[in-house]
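I begin with the terms and then go through the pairs.

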Amino acid sequence: MTKAWSPLTAETLAEVPATVGVFEVADASGVIGIDYAGGHSPFGLRGALQGWLDRGPGLSFRYERTNAYLSRFREVVQVFVNDTGEPPPNLAGTENLPTGRIRQN
């Protein structure tokens with residue numbers, strides 16, 4: 001993802017579109033979550049990110065609007081695993097973790 005990071009606040013979420021896509025959430029230590037808003041996500045990206053607000057202040061987020069949200073989600077997770085050697089904290093130990101690696105030349 002290349003979009004700039006924004007602080008995760010009620011004010012910035014009001015500007016996020018209610019559409020499908022993928023997003024990353026980070027704290028001061030780095031990315032702590034990668035997820036997506038799909039066809040069954042109430043209020044799309046805005047609604048999915050709303051759930052992260054109660055995790056406390058100091059979080060940032062960035063997102064991409066895409067109709068291919070499942071494919072893009074898998075790709076973003078695989079790039080994260082490729083870069084760090086482990087899944088993002090929100091997906092560690094889950095059954096739905098995308099498998100495979102992306103080779104970057």
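I call a residue buried when its relative accessible area is under 20%, exposed when that area is over 50%, and partly exposed in between, using a 1.4 Å probe and protein chains only. The model is predicted, so I noted that local features need pLDDT of at least 70 and side-chain atom pairs count only at pLDDT 80 or more, whereas totals for chains, interfaces and linings use all residues. Residues are numbered from 1 along each chain as its sequence is written, and side-chain values use heavy atoms, with hydrogens and water left out.

I searched the whole structure for salt bridges (a side-chain nitrogen of Lys or Arg within 4 Å of a carboxyl oxygen of Asp or Glu) and found 3.

I looked up Arg-62 and found that it pairs with Glu-24, their closest N and O atoms lying 2.6 Å apart. This pair links distant parts of the chain, with Arg-62 in strand β4 (residues 60–65) and Glu-24 in strand β2, 38 residues apart; I took strands as DSSP runs of E of at least two residues and helices as runs of H or I of at least four, numbered from the N terminus. Arg-62 counts as buried at 15% relative accessibility, and Glu-24 is buried at 6%.

I then turned to Arg-72, which is buried at 19% and meets Glu-64 in a salt bridge of 2.7 Å, N to O. Arg-72 also bridges to Glu-75 at 3.0 Å, and Glu-75 is partly exposed at 36%. Both Glu-75 and Arg-72 lie in helix α3 (residues 69–84), 3 residues apart. I recorded Glu-64, Arg-72 and Glu-75 as a network of salt bridges.
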